[in-house]
Amino acid sequence: MPKAKKSSRKKKYDYNKNKKKLKKQFKKREAPRIECPQIRNAWNEKKTAAQNLKDMGLVFDPNLTLPVRKQTPQIPGSEEEEAEAPQGLVIKPYVIKELEAEASLPGKDTKSLSRDTIEYVQYMIREHSDNYKAMARDEKNYYQDTPKQIRRKVELYKRFHPEQYNAFIASLKGQKMDTS
């Protein structure tokens with residue numbers, strides 16, 4: 001059986017493509033953007049990733065730095081000294097200091113509820129106060145939440161927005177006094 005012929009068609013140069021732009025795009029894809037600003041500012045494009053991280057005092061491969069050792073039974077009386085990994089020369093120690101400073105900052109509490117959930121809970125409290133069974137039977141209970149699910153939503157609202165909850169309860173008490 002004869003072999004299939006290879007195409008001997010010559011590739012033509014495409015004059016309509018901007019080669020400079022294509023090379024830039026390729027480079028951008030090849031070296032992705034570093035999200036950490038401390039590392040990005042200290043990064044040297046001419047060095048490899050391992051060299052850059054070593055200069056900053058960071059580790060490229062944690063398996064080489066802290067190898068996993070096999071568990072051997074310890075014999076009482078024999079003490080083996082564990083050798084620490086040799087520390088290389090850190091050329092850019094400010095990177096580690098900046099990272100530690102950022103890590104020591106307290107984290108922002110980003111827990112919140114959606115506006116729909118807040119309105120739903122406020123409606124239920126306004127109409128039924130603490131009667132969760134009545135809330136479950138309410139016609140506005142579109143998702144057919146059980147009394148326990150509604151209680152959980154109310155507790156979440158109390159926990160995530162305590163000032164708003166207290167103001168809402170105070171306004172409800174004010175409305176009840178006005179109508180009496």
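Start by selecting glutamine 122, which lies in helix H6; helices here are DSSP runs of H or I with at least four residues, strands are runs of E with at least two, and both are numbered from the N terminus. Glutamine 122 is buried, with a relative accessible area of 11%. As for the terms, buried means under 20% relative accessible area, exposed means over 50%, and partly exposed is in between (1.4 Å probe, protein chains only).

Before moving on, a word about what is on your screen: this is a predicted model, in which local features need pLDDT of at least 70 and side-chain atom pairs count only at pLDDT 80 or more, while totals for chains, interfaces and linings use all residues. Residues are numbered from 1 along each chain as its sequence is written, and side-chain values use heavy atoms, with hydrogens and water left out.

Which residues does glutamine 122 contact, leaving aside neighbours within four places in sequence? Show Tyr157, Gln164 and Phe168; contact means heavy atoms within 4.5 Å.

An α-helix has 3.6 residues a turn, so residues three or four places apart point the same way. Arginine 115 is partly exposed at 47% relative accessibility, and glutamate 119 is partly exposed at 42%.

Next, click on serine 129, in the loop between H6 and helix H7 (132–137). Serine 129 is not a glycine, yet its phi is positive, at about 50 degrees. At 39% relative accessibility, serine 129 is partly exposed. A second stop of this kind is glutamine 144, in the loop between H7 and H8. Glutamine 144 has a positive phi of about 55 degrees, again without being a glycine, and counts as exposed at 66% relative accessibility.

**Helix H8**

Select residues 147–160, the 14 residues of helix H8. The expected span of a helix is 1.5 Å times one less than its number of residues. For H8 that gives 20 Å, and its end C-alpha atoms are 20 Å apart, which agrees. Colour Ile150, Val154 and Tyr157, the buried residues of H8. Looking down the axis of H8, you will find these buried residues within an arc of 55 degrees, so they line one face of the helix; the arc is that of the directions from the helix axis to the C-beta atoms. On the other side of H8, Lys148 and Arg159 are exposed.

Also in this region, show lysine 153 and aspartate 145, whose side chains meet in a salt bridge (2.7 Å, N to O). Lysine 153 is partly exposed at 24% relative accessibility, whereas aspartate 145 is buried at 9%.

**Around lysine 92**

Jump to lysine 92, in the loop between helix H4 (62–65) and helix H5 (93–104). What is the nearest side chain of opposite charge to lysine 92? Aspartate 55 is the one, 5.1 Å away, and lysine 92 is buried yet has no salt bridge; in this count Lys and Arg are positive, Asp and Glu are negative, and His and the chain ends are left out. The side chain of lysine 92 does reach the backbone oxygen of alanine 42, at 2.5 Å. Beyond residues up to four places away in sequence, lysine 92 touches Ala42, Asp55 and Met56.

Aspartate 55 is buried, with a relative accessible area of 9%, and lysine 47 is partly exposed at 31%. A search of the whole structure finds three salt bridges.

**Last stop: H1**

Finish at helix H1, residues 19–30. Of its twelve residues, the number buried is zero, so H1 lies largely in the open.

Definitions and conventions. A salt bridge is a side-chain nitrogen of Lys or Arg within 4 Å of a carboxyl oxygen of Asp or Glu. A polar contact is a pair of N or O atoms within 3.5 Å; within protein, one must be able to donate a hydrogen and the other to accept it, and residues adjacent in sequence count only if both atoms are side-chain atoms.
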